[in-house]
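Open the model in your viewer and keep the selection tool at hand. This tour goes stop by stop.

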Amino acid sequence: MLRVGSVVMMSVMALSGLAVGAQQVPSHKWAVVLHGGAGVIERATMDAKTEAAYRASLKQATEAAAHVLEKGGAAMDAIEAAIRILEDDPLFNAGRGAVFTGEGKNELDSAMMDGATLKAGSVAGVTRTRHPISLARAVMEKSPHVMMIGAGADAFAAHAGMEQVKPSYFFTERRWQSLIKQLKKESRPIPARPAGAPPPPSTPVAEIESPEAHKYGTVGVVALDKQGNIAAGTSTGGTQGKRWGRVGDSPIIGAGTYASNASCAVSATGTGEYFIRLTVSREVCALVQYKGMKLQDAADDVIHMQLESLHGDGGLIAITPDGQMAWSFNTPGMYRARLAEGGKLEIGVYKDEP
Ligand code: ASP
């Protein structure tokens, strides 16, 4: 039975040349926004070489997403392509280069959400899957579940034929040194160097940036494709020195990751506990959906009013189906980039950049 709404919809589609059964003509301009983590990222403690390396990585990942979108690919595909690059990049706290737990392990969290269908997949505490973002997507597409954790999630990845690695694959010397520094400062026990890690360097690792900055680097991407669909994805090693088994906001749908074509798509970064309590990502979309707020205003409200009132720290990126792009953060810096069809690539690190 045809409902009145369907009749109206069909007339609208016919008027716009989209007859039912005909191939849908892509009419939207694509856009993508990326983050590579927020935190105490400051000019005074960042050398030019490291900064250039971060900017080059952000550019490469944004261009990978743009390439997919330009060809008419889905937002989900663009996001996965970009995040896989960042997960392989040791500069970021996701995949290889993830921060360590207080017990000296890498436990990875990730999520993806498709704004067109409201389908979502996420994983927490995985230790063997090379690309947690692809595993999150597999949970969404190949299982009846939304969220899987730990050994069960890794086993599901192996079963789905996804690349498995030894836990030491994720090890990087600078994250390890950064953990030791933090644990010493907090008078906590120092765990044994992980099995399979390369031998410790004979000369101390150069302090290429502030030890504080070594804690950051969660990655997230939101995208709008030519079909007018939006999606979001986030991948992280969590917070440095976290307790074994701790899960942050990134894989919690509505907290660190959310997407709905009815409002917006968001990926967050920062101290996850606050983002979970405020359901930050869904909150931004709720302000857009129910209050009719502009995306940037909604993002700023949640970060600068709500998050700050809890003394939380971090930031987010967001996008709407009508092409609004936003980022907002209350930390000294956030690695970030954005690009829309026909526009110029914008990359930022510090607060004082646009
Ligand atoms: N939000 C992540 C977490 O709490 C960490 C980060 O974004 O830096 O797990």
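Predicted model: local features only at pLDDT ≥ 70, side-chain atom pairs only at ≥ 80, totals over all residues.

Which charged end sits over the ring of W327? Select W327 and look for R338: its charged end is 3.9 Å from the ring centre.

**Stop two: aromatic pairs**

The structure holds seven aromatic pairs. Select F100 and W176, one of these pairs, with 5.0 Å from centre to centre and 80° between the planes, an edge-to-face arrangement. Now colour by secondary structure. F100 sits in the loop between helix 3 (75–88) and strand 2 (108–114), while W176 belongs to helix 6 (residues 173–185), so the pair ties together parts that are 76 residues apart in sequence. Both F100 and W176 are buried.

Move to Y169 and F170. Their ring centres are 5.2 Å apart and their planes stand at 80°, so this pair is edge-to-face. Show the surface here. Y169 is partly exposed, at 22% relative accessibility, because the buried class ends under 20%. F170 is buried, at 0%.

Next, select Y54, F92 and Y335 together. These residues form one aromatic cluster.

**Stop three: the ligand**

Centre on the ligand. The residues around it are T218, G238, T239, R246, G248, D249, S250, T269, G270 and G272. Show side chains for R246, D249 and T269, and check three distances.

- R246: a side-chain N or O atom is 2.8 Å from an oxygen atom of the ligand.
- D249: a side-chain N or O atom is 2.6 Å from a nitrogen atom of the ligand.
- T269: a polar side-chain atom lies 2.7 Å from an oxygen atom of the ligand.

Taken alone, the ligand exposes 270 Å², and the protein buries 98% of that.

**Stop four: strand 6**

Select residues 230–236, which make up strand 6. How many of its seven residues are buried? Seven of the seven are. In a regular strand, side chains alternate between the two faces of the sheet. On one side of strand 6 are I230, A232, T234 and T236, and on the other A231, G233 and S235; all are buried.

Now show the neighbours. Strand 2 pairs with strand 6 in the antiparallel sense over six bridges. Find D114 there: its bridge partner in strand 6 is A231. Strand 5 (residues 219–224) also pairs with strand 6, antiparallel and over six bridges. V221 has G233 as its bridge partner in strand 6.

Finish at the turn. Strand 5 and strand 6 form a hairpin with five residues between them. Select G228 in that turn, where phi is positive, at about 90°.

Notes
Residues numbered from 1 in each chain as written. Heavy atoms only, no water. Phe/Tyr/Trp six-rings, centres within 6.5 Å; stacked < 30°, edge-to-face > 60°. Helix = DSSP H or I, 4+ residues; strand = E, 2+ residues; numbered from the N terminus. Buried < 20%, exposed > 50% of the residue type's maximum accessible area, 1.4 Å probe, protein only. Lys NZ or Arg CZ within 6 Å of the ring centre and 35° of its normal. Near = heavy atom within 4 Å. Polar contact = N/O pair within 3.5 Å; in protein donor to acceptor, adjacent residues only side chain to side chain. Areas by Shrake-Rupley, 256 points an atom, 1.4 Å probe, with all protein chains shown as cover. Pairing = 2+ DSSP bridges.
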